[in-house]
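Here is a colleague's note to read alongside the structure, written for someone who is new to looking at protein models. Please keep the structure open and find each part as it is named.

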Amino acid sequence: MNSAGPQTPQEAHVAALEEGRLTFQRCSDCGHAWLPARHECPACWSTNHDRQEASGRATVVSWVVFHVAFDPRFKDRVPYNVALVDLDEGPRMTTNIIEIPEGEDIVGRRVALCFQEDMGRKLPRFELT
Amino acid sequence: MGANSVIAGIGQTAFGKLPGRSTVSMNIEACGNALTDAGVEKDAVDGLLVKVPTSRVEMMYGQTLAEAMGLEPRFGGVFDQGGASNISMIALASMAIEAGQCDVVLVSLADNPKTGTRQAYEKSWGDAADFGWSSVVAGYALIARRYAHEFPGAFDLFREIAIACRAHGASNPEAQLKLPLDAGKYDNAAWVVEPLRRDDCCLISDAGAAVVVMSQRRARDLGVAAPVPVLGFGQGNSSSDVTLRHDLTQTRADVSAETAFHMAGLSPKDMDCAQIYDCFTITVAMTLESYGFGTRSELADLARSGGFLCDGALPLNTSGGLLSETGMPGLQLVLEGVRQMRGTSTSQVKDAKKCIVSNQGGIMHTHSTLILGQ
Ligand SMILES: [Zn+2]
């Protein structure tokens with residue numbers, strides 16, 4: 001963490017994840033909610049925002065399965081999935097789905113947050129409900 | 001209606017693996033060939049627009065290239081919209097000429113990811129890297145999965161797009177991949193990032209291409225042999241990262257085409273062939289829909305009936321596109337549009353008089369459209 005200056009929105013987001021909390025920003029002026037962390041509200045450019053904790057309930061927008069490990073850290077993990085989910089509060093995020101049944105189309109499926117220790121950090125993943 | 005400009009000349013390098021060639025060297029070869037094709041001397045050039053190479057981004061690349069070419073352009077520099085840059089630069093050249101800023105513009109593109117680095121296409125993406133989120137192909141796969149959820153005939157359409165592009169590439173002696181594709185080979189190829197298979201993905205290529213843009217009047221004065229009129233152009237940018245895009249299966253390609261069609265005073269039914277940016281098959285499917293060539297199921301029907309082949313109702317990527325001719329990001333599609341209008345394609349469409357060309361960049365972040373005529 002940067003001790004020399006104030007915490008950036010991204011630093012605050014990462015610090016919350018380390019405490020096992022998935023957070024997002026909500027604009028104090030127009031109410032828009034977003035991820036990833038930014039200084040300005042992308043809807044109205046306001047710099048006033050609250051950090052709120054997500055309920056952990058979300059819906060799958062799309063997902064893919066990597067059969068090639070472009071990132072060498074994943075060479076023993078293929079095939080693995082990466083998914084986009086829309087949190088019920090609005091923001092969209094990139095994540096993994098803990099288990100996808102073979103041959104199933106999970107677009108539109110409801111999922112729930114489930115933190116897992118991996119990659120040396122607490123990763124906010126989701127499981128089908 | 002329309003622009004007053006023409007594409008006066010086209011040029012390219014070989015496509016494939018070109019070891020030892022810098023992007024500057026490939027740009028110069030392509031530009032030289034384009035000037036020779038136009039029958040214009042280097043001294044006539046007073047504009048130089050170039051796409052920044054993806055493999056190795058350099059500041060002031062446009063000036064580095066101009067220096068190596070011995071040019072001091074009145075109008076020049078780099079334009080960065082990824083693969084949409086090519087058509088956007090042709091549009092910019094046309095507008096600059098119209099506004100009296102310059103007279104003869106070289107628009108050029110070269111890149112060497114085949115012998116250089118593919119890092120730009122395979123890198124991990126920021127905070128999501130720890131989930132394994134990496135590469136350009138995965139971004140397109142996310143779009144393709146959502147598209148297939150919305151339209152169950154998606155994979156039939158993707159397959160036919162790949163087969164048509166590969167058929168045209170097989171007829172093009174300059175193509176990097178001259179291997180025709182059939183349904184069995186497509187279906188049995190390995191996944192790269194599911195739901196995209198190997199043959200849904202474009203080639204990786206070292207390559208350069210260039211065009212010469214000038215006014216119709218200047219082309220007449222210089223005695224240019226085969227100028228091809230620019231009838232319309234447009235652009236539209238989704239801009240958002242694919243993971244944040246509100247609707248994954250819509251881009252601003254519709255706005256881009258609408259602008260170009262309006263400028264040309266034409267509509268999709270007037271087009272005799274289409275050169276559509278095919279970095280991945282999904283891109284072609286979405287672009288044709290956005291351009292007004294049919295609904296998803298109409299496009300799938302058209303594809304199944306051979307409509308994308310060079311004797312079909314909507315001949316597609318008649319030199320093979322990024323899937324078969326060269327993976328170079330986009331200017332080769334403009335060159336093929338010019339050849340179709342001149343009647344010199346290796347898969348010539350009979351009596352072709354109008355051609356639409358699409359370019360796009362990033363993971364459908366940017367889009368540009370060009371309409372060429374006779
Ligand atoms: Zn706001």
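This is a predicted model: local features need pLDDT of at least 70, side-chain atom pairs count only at pLDDT 80 or more; totals for chains, interfaces and linings use all residues.

1. Chain A is divided into two domains, with domain 1 covering residues 1-53 and domain 2 covering residues 55-129. Taken over C-alpha atoms, the centres of these two domains of chain A are separated by 22 Å.

2. Within chain A there is an open sheet of three strands, paired antiparallel and arranged in the order 2-1-3. Strand 2 and strand 3 (49-53) of chain A stand at the edges with a single partner strand each, so one side of each is left without a neighbour in the sheet. Strand 1 and strand 2 of chain A run antiparallel and are joined by two bridges, and in this part of the sheet A:Arg26 stands opposite A:Ala33, which belongs to strand 2 of chain A.

3. How many residues of each domain of chain A are in contact with the other domain? On the side of domain 1 of chain A there are 11 residues, and they are in contact with 12 residues of domain 2 of chain A. The size of an interface is often given as the accessible area lost when the parts come together. For these two domains of chain A the buried area is about 920 Å², with 69% of it on carbon and sulfur atoms. Of the area that domain 1 of chain A buries against domain 2 of chain A, 51% is supplied by A:Leu17, A:Glu18 and A:Leu22, more than any other three residues supply.

4. The polar side of this domain meeting can be described with two counts, namely zero salt bridges between domain 1 and domain 2 of chain A and one residue pair in polar contact between them, with both residues at pLDDT 80 or more. On the side of domain 1 of chain A that touches domain 2 of chain A, the elements giving two or more residues are helix 1 (9-18), strand 1 (23-27) and strand 2 (33-34) of chain A. The residues on this side of domain 1 of chain A divide into six nonpolar, one polar and four charged.

5. Turning to the two chains, 33 residues of chain A are in contact with 28 residues of chain B. Together, chain A and chain B bury about 2,600 Å² between them, and 59% of that area lies on carbon and sulfur atoms.

6. Between chain A and chain B there are 15 residue pairs in polar contact, where both residues have pLDDT 80 or more. Helix 1, strand 4 (57-66), strand 5 (80-87), strand 6 (92-95) and strand 8 (121-128) of chain A each give two or more residues to the side of chain A that touches chain B. Strand 4 of chain A provides the largest share of that side, seven residues. By class, the side of chain A that touches chain B has 18 nonpolar, eight polar and seven charged residues.

7. Strand 4 of chain A also pairs with strand 5 (residues 191-194) of chain B, in the antiparallel sense and over two bridges. A:Phe66 stands opposite B:Val193, which is in strand 5 of chain B.

8. How many salt bridges are counted between chain A and chain B? The count is two, while a search of the whole structure finds 31 salt bridges over all chains. The side chains of A:Arg73 and B:Asp130 meet in a salt bridge with an N to O distance of 2.8 Å.

9. A polar atom of the side chain of B:Ser238 lies 3.5 Å from the backbone nitrogen of B:Arg252. If neighbours within four places in sequence are left aside, B:Ser238 is in contact with B:Arg245, B:Thr251, B:Arg252, B:Met364 and B:His365.

Definitions and conventions:
Residues are numbered from 1 along each chain as its sequence is written. Chains are lettered from A and ligands numbered from 1 in the order in which they are written. Side-chain values use heavy atoms; hydrogens and water are left out. Domain bounds come from an automatic or database domain assignment. Contact means heavy atoms within 4.5 Å. Buried area is the accessible area (1.4 Å probe) that two parts lose on being put together, summed over both. A salt bridge is a side-chain nitrogen of Lys or Arg within 4 Å of a carboxyl oxygen of Asp or Glu. A polar contact is a pair of N or O atoms within 3.5 Å; within protein, one must be able to donate a hydrogen and the other to accept it, and residues adjacent in sequence count only if both atoms are side-chain atoms. Helices (H or I, at least four residues) and strands (E, at least two) are DSSP runs, numbered from the N terminus. Ala, Val, Leu, Ile, Met, Phe, Trp, Tyr, Cys and Pro count as nonpolar, Asp, Glu, Lys and Arg as charged, and the others, Gly among them, as polar. Two strands pair if DSSP finds at least two bridges between them.
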